[in-house]
Amino acid sequence: MTRVIRFADPLPIASAVLMGVALWLIFVWVPTETNQGAVQRILYFHVPIAWGSMLGIFIVSGSSFMYLWKKNEKWDRLAVASAEVGVVFGGLMLLTGMIWARPVWAVWWTGEAKLTTALILFFIYIAYLMFRAYFPPGAQRQRLAAIIGLIGAIDTPIIYFAANLWAQAHPPIITGPAADSESSLGSDLGLVLLTATVAFTFLFIHLVQSRYNIRKAEDDIVELKRASGTKMARAGRSS
Amino acid sequence: MVTTAARFAIEARSIIKNFGDTAVLRGLDLSIPPGEVTVLVGANGTGKSTLLRILATLTKADSGSASVVGIDLAENGPLVRGLTGSVLHAPMLYSDMTVRENLMFFAALYRLSNVDDLIERFANKVGIESRLDDRVRTLSHGFQKRVALARALMHEPRILLLDEPESGLDAVSVGRLDDLIDEYRSSGRTVLMTTHVVEHGLEIADRAVVLTGGVVVLESTSPALDRASILAEYSPTRESTTKRDRRP
Amino acid sequence: MRDSLAVVWSIGRKDLLLEVRNKEIIVAIAGFALLVLVIFTFAVDLNQANARLVGPGVLWAAVAFAGIVGLNRAFALEVEGNTLEGLMLAPISRDLIYLGKALGIFLFLAVALMVVLPVFAVLFNLIVFRWEMLAISFLTIIGFSAVGTLFAAMSVRVRAREVMLPLLFLPVVTPLIMTAVESTAHLVNGRSWSDMSQWLQLAVAFDVVFLVVSAFIFQHILED
């Protein structure tokens with residue numbers, strides 16, 4: 001039997017411990033924000049998760065670029081691993097954001113620039129993953145996926161600029177308690193956010209790493225299959 | 001503008017090409033001197049077509065390098081394509097344009113001048129002059145193949161890549177094709193071809209290259225004489241493998 | 001340079017010639033866009049205020065969706081006869097193939113728009129025939145062709161290419177759709193150049209960026 005969890009791995013342990021501390025800080029230690037009430041606590045998840053999804057997009061574009069440049073498989077693995085984790089984080093970011101916005105802004109969704117940009121980017125990276133799933137395997141799939149990753153990165157500032165202009169023309173409807181007051185928390189907020197962000201960053205890296213390793217194992221299997229095919233062919237039995 | 005000092009008309013170095021988990025070319029090396037007709041022999045799936053497609057710059061090798069008259073494919077694709085003429089499996093013609101329109105269009109891409117004369121001349125050469133103003137859709141497969149051949153020849157390439165060029169051609173056209181290949185050889189140009197009529201291919205070729213499992217397992221400079229051993233080597237049902245396994 | 005332009009034009013002209021014979025792409029684009037417009041006249045109560053409000057959005061959504069249909073068709077045609085490989089055999093760099101195909105798509109969209117715009121003006125009872133509209137349309141369909149040609153070439157070998165193309169195309173061109181909708185809204189509300197200048201600048205930036213990037217990247221797409 002192989003051990004599924006390697007207890008020597010520091011990253012998941014650090015992530016778990018920090019996550020525990022963060023949960024304690026969020027639900028026990030930090031006082032309730034006076035204007036928004038208990039729902040404000042979801043921000044302590046929302047912000048780190050959003051950070052994780054941004055990190056994901058950043059790594060996808062970076063490693064897509066590196067793959068096109070260096071043609072080294074490891075960049076492709078890194079790109080797809082962080083795209084998958086990034087999309088999960090992105091989905092959670094949108095969800096937690098909406099849950100927070102409904103009581104605080106009085107709407108589930110609005111045409112605010114950051115929201116629009118996040119949503120469109122989420123769709124671009126969904127398309128990235130779907131493309132990988134649909135396209136026949138091989139070097140071309142990796143090349144084309146890298147191109148999509150890169151296009152997404154190039155498009156990001158343009159989307160944000162457009163979303164900003166759009167939001168100016170159609171001011172987002174925000175009427176809830178967040179509209180008219182400063183936070184009552186001050187520096188407490190910063191400490192909790194920082195802890196949660198570090199915890200989620202560790203989690204993110206751990207997930208990407210695991211996904212990367214699985215990907216590597218898959219590639220190794222393909223390599224073995226090719227090699228055994230070569231053996232068969234050399235033995236003159238391949239048609 | 002073109003370097004002519006190259007020793008080989010076509011050179012391939014450790015070409016690897018995989019499609020998913022099937023390896024098609026497994027580190028293939030090949031050097032073909034100019035002025036020769038080389039026939040690639042091998043069972044289905046041994047990578048003959050893939051090799052031609054790589055040399056025609058339609059497919060990228062996963063690793064390895066290839067050059068045509070000393071010019072690297074990856075470095076100067078357009079120049080290499082200008083020196084190469086290819087007839088591969090599909091005729092690659094627009095079926096709703098006439099033969100003449102197709103040839104004129106491709107002549108424009110090849111930046112040829114005196115296009116009308118060229119088209120007449122090569123249409124006569126491959127025997128399509130009577131159908132020049134018919135739409136490609138109305139032509140039989142054999143005729144389309146001849147149009148494709150005319151397209152590949154129009155720019156007087158120094159290297160001709162042919163993937164089973166005789167398929168779909170009648171006996172007369174095959175004879176014409178042989179003449180054409182002869183003409184190419186005598187003018188010092190190079191032909192690399194596959195054929196599904198192996199025996200015939202071995203008769204007209206100066207050199208035979210046998211592919212098995214994505215590598216070259218045998219090269220012969222007198223294919224007509226080595227016929228027996230070539231056929232034995234290429235036959236997919238053959239049992240003995242010891243000799244071949246020693247080759248890199 | 002002159003040579004390159006001649007090659008690009010040859011490819012575009014070839015697409016036009018085929019289109020004159022088949023009428024597959026322009027009819028698909030225009031027909032699809034018109035149907036979307038007509039269906040929206042039932043979906044929304046089109047009094048003058050509503051028409052101004054939703055008209056621009058409906059118009060450009062229709063054009064974007066119809067454009068996808070045309071793009072799919074345009075590349076399916078090149079792949080069915082393996083003619084894309086014929087283009088790839090020619091001694092030209094791949095960016096010229098890209099520009100030639102993009103030019104063809106641009107011309108198809110332009111012709112389709114000439115049909116769609118008058119019908120839009122009639123159905124939605126809006127005045128769109130002003131110089132500004134020419135600029136808006138021009139910039140928008142350049143961007144559509146630039147991005148669309150790239151993604152259509154990428155998805156043409158995918159199993160579900162009809163699904164894949166819109167999934168790739170629409171999110172990436174959202175800035176352009178916003179531009180087109182907002183500028184057209186300014187226009188039907190009787191405002192002028194200065195109000196839409198920021199949007200038009202954005203469209204110009206989008207077009208330039210994606211034309212250059214796509215032309216540069218196209219060589220990686222064609223060879224399998």
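**View 1. B:Val209 stands opposite B:Glu219 in β10(B).** The model is predicted. Strand β9 (residues 207-212) of chain B pairs with β10(B) in the antiparallel sense. Five bridges join the two strands.

**View 2. Six strands of chain B form an open sheet.** Their order is β6-β7-β8-β3-β9-β10, and the pairing is mixed. β6 and β10 (215-220) of chain B are the edge strands, each pairing on one side only. From one strand to the next, the twist averages 20°. Helix α1 (residues 48-55) of chain B packs on the sheet. This helix touches β3 (37-41), β7, β8 (190-194) and β9 of chain B. Its direction makes about 145° with that of β7(B).

**View 3. Strand β6 (residues 84-87) of chain B is covered on both faces.** B:Thr84 and B:Ser86 lie on one side, B:Gly85 and B:Val87 on the other. All four are buried. β6(B) runs parallel to strand β7 (residues 159-163) of chain B, with four bridges between them. B:Thr84 has B:Ile159 of β7(B) as its bridge partner.

**View 4. Helix α5 (residues 141-153) of chain B lies across β6 and β7 of chain B.** The helix runs at about 170° to β6(B). α5(B) is mostly covered, with ten of its 13 residues buried. Among them are B:Phe143, B:Val147 and B:Leu149. Charged side chains are included too: B:Lys145, B:Arg146 and B:Arg151 are buried. The cover over the buried residues includes β6, α3, α4 (115-126), β7 and α6 (171-186) of chain B.

**View 5. Chain B meets chain C.** On the chain B side, 23 residues are in contact with 22 residues of chain C. Helices α2 (77-83) and α3 (99-109) of chain B are the elements that give two or more residues to this side. By class, the chain B side has 14 nonpolar, five polar and four charged residues.

View 6. The chain averages a pLDDT of 87, and 92% of its residues score at least 70. Over residues 237-248 of chain B, the pLDDT is below 50. Beyond near neighbours in sequence, that stretch has nine contacts in the model.

Note on methods:
Residues numbered from 1 in each chain as written. Chains lettered and ligands numbered in written order. Predicted model: local features only at pLDDT ≥ 70, side-chain atom pairs only at ≥ 80, totals over all residues. Contact = placed C-beta atoms within 7 Å. pLDDT = per-residue confidence, 0-100. Buried ≥ 20, exposed ≤ 12 C-beta atoms within 10 Å, placed from the backbone. Pairing = 2+ DSSP bridges. Axes fitted to C-alpha atoms, helices over the stretch in contact; angles between N-to-C directions.
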